[in-house]
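I opened the model to look up its sheet, the helices against the sheet, and one further helix. My notes follow.

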Amino acid sequence: MIDTNLFNELKERGLLYQTTDEEALKKLLESGEKIALYEGTDPTMDSLHIGHCVPYCILRRFQKAGHKVYLLMGGATACVGDPSGKSEMRKLMDKDLIQANIEKIKNSLKVFLDFEGENKAEIVNNADWFKGYDYIDFMREVGVHFNVNKMLTNDIYANRLKEGGLTFFEMGYMLMQAYDFIHLNKEKGCRLEWGGADQWGNILAGVELARKLNFVDGGNRDMIGATNPLLLTPEGKKMGKTEKGAIWIDKDKISAYDFYQGVYQTPDACVEMMFALFTDLPMEEIRKIISEDIVKAKKRLCFEITKFIRGEEDAILAQNMSENLFTQGGNDAPEFEIEKSEFENGLNICDILARTGLCSSKSDARRMIEGGAVSMNGEKVSSFARMVELSDFEDNSILLKKGKKNFIKVVIK
């Protein structure tokens, strides 16, 4: 059964920003017909961040409404690099590294989409259809439909042009992404491409390429492009993989506390959109919560998103740490219990920091210790090889501190 209210839902929650044909999209989503759509990602890193996951939150709604979702991993386009919003050419990536990133990202996507069952989401890789595509054939079939003067007026290339360093190599990116839509329309029946607002130029290029091909070969490619608004950092910049303070999805990239606090730093103006994206609360309720108390609203938002992305246990842990870790002496720090027997032969400090969630991983704990950011019972921990023993405990507990305000009390049970 297809949910025919999806278009109204997207509009009400402010998730539809641009579309090549809003009336056609509305008619399509209200028709009761199951459609196929896709969103493309270049695997330039081995993890996803909150800002990058905005389209996945929306694709989740499409899947729940009964539509078929494809996730395009740009194994080929990542080799070129998207010039959108960049002042210099992206660093060229090794193909093996790109493939490794794809495998890692697949696990993160399971938070948002169902990859099992009758209407499972599917992952495709454009390296599969660009491999072996003859360059001359590609330029004759695709490149001939692109006007360079028009391409250079697109915002995608604006910063690169200002710096005077736009390469022919990068110019090919738009052609490749446009062809992705043509290929997925032909092979998978995709009628809609979704993406962030910064991808509007690339998405529009695919729709225009379809129109031109229809004119040339008499085809019947009925394709629509749409985008969502972007999430911004406290500095007003796009939440991106390379921006300072990215809120990573993978647990080994960021601790539960830092994830929770990262969400808390969301600008007030973006709180409503974050609620609209990551929760299913009715918009009327969301606006009421925000209007009554923005601080309480942010705390509710932090808990809901942490629970959605990392699970309820991490959400409760992060919430407790956030509520209690700002006392000067850490007397109200949340407690974490560990069996007494584990300390009889000593337990490595990095293991403890990772298990308690004070650090995101053992490697993160090691970095914190090497940077002089960790103390135990008021004394700085000088070595990541430090073993914590029963003799270190005072009244059956030790107080660990990371940085200036992050505390946790380890208690023997």
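**Sheet and helices**

Helices (H or I, at least four residues) and strands (E, at least two) are DSSP runs, numbered from the N terminus. Axes are lines fitted to C-alpha atoms, for helices over the stretch in contact (heavy atoms within 4.5 Å), and angles run from 0 to 180 degrees between N-to-C directions.

This is a predicted model: local features need pLDDT of at least 70, side-chain atom pairs count only at pLDDT 80 or more, and totals for chains, interfaces and linings use all residues. Residues are numbered from 1 along each chain as its sequence is written, and side-chain values use heavy atoms, with hydrogens and water left out.

I then checked helix α9 (residues 168-188): it lies across β2, β3, β4, β5 and β6, at about 145° to β5.

I traced the open sheet as β1-β6-β5-β2-β3-β4, six strands with mixed pairing (two strands pair if DSSP finds at least two bridges between them). β1 (18-19) and β4 (122-125) are at the edges with a single partner strand each, so one side of each has no neighbour in the sheet. Strands β2 (residues 36-41) and β5 (residues 190-196) run parallel, joined by four bridges; Y38 has E193 as its bridge partner in β5.

**Helix α16**

In α16 (residues 349-356) I found I349, C350, I352, L353 and T356 buried (under 20% relative accessible area, 1.4 Å probe, protein chains only). Seen down the axis, these buried residues fall within an arc of 160°, so they line one face of α16; the arc is taken from the directions from the helix axis to the C-beta atoms. At the N-terminal end, N348 is the cap, with a side-chain oxygen 2.8 Å from the backbone nitrogen of C350. Just after α16, G357 has a positive phi of about 90°.

Technical notes: Buried means under 20% relative accessible area, exposed over 50%, partly exposed in between (1.4 Å probe, protein chains only). A polar contact is a pair of N or O atoms within 3.5 Å; within protein, one must be able to donate a hydrogen and the other to accept it, and residues adjacent in sequence count only if both atoms are side-chain atoms.
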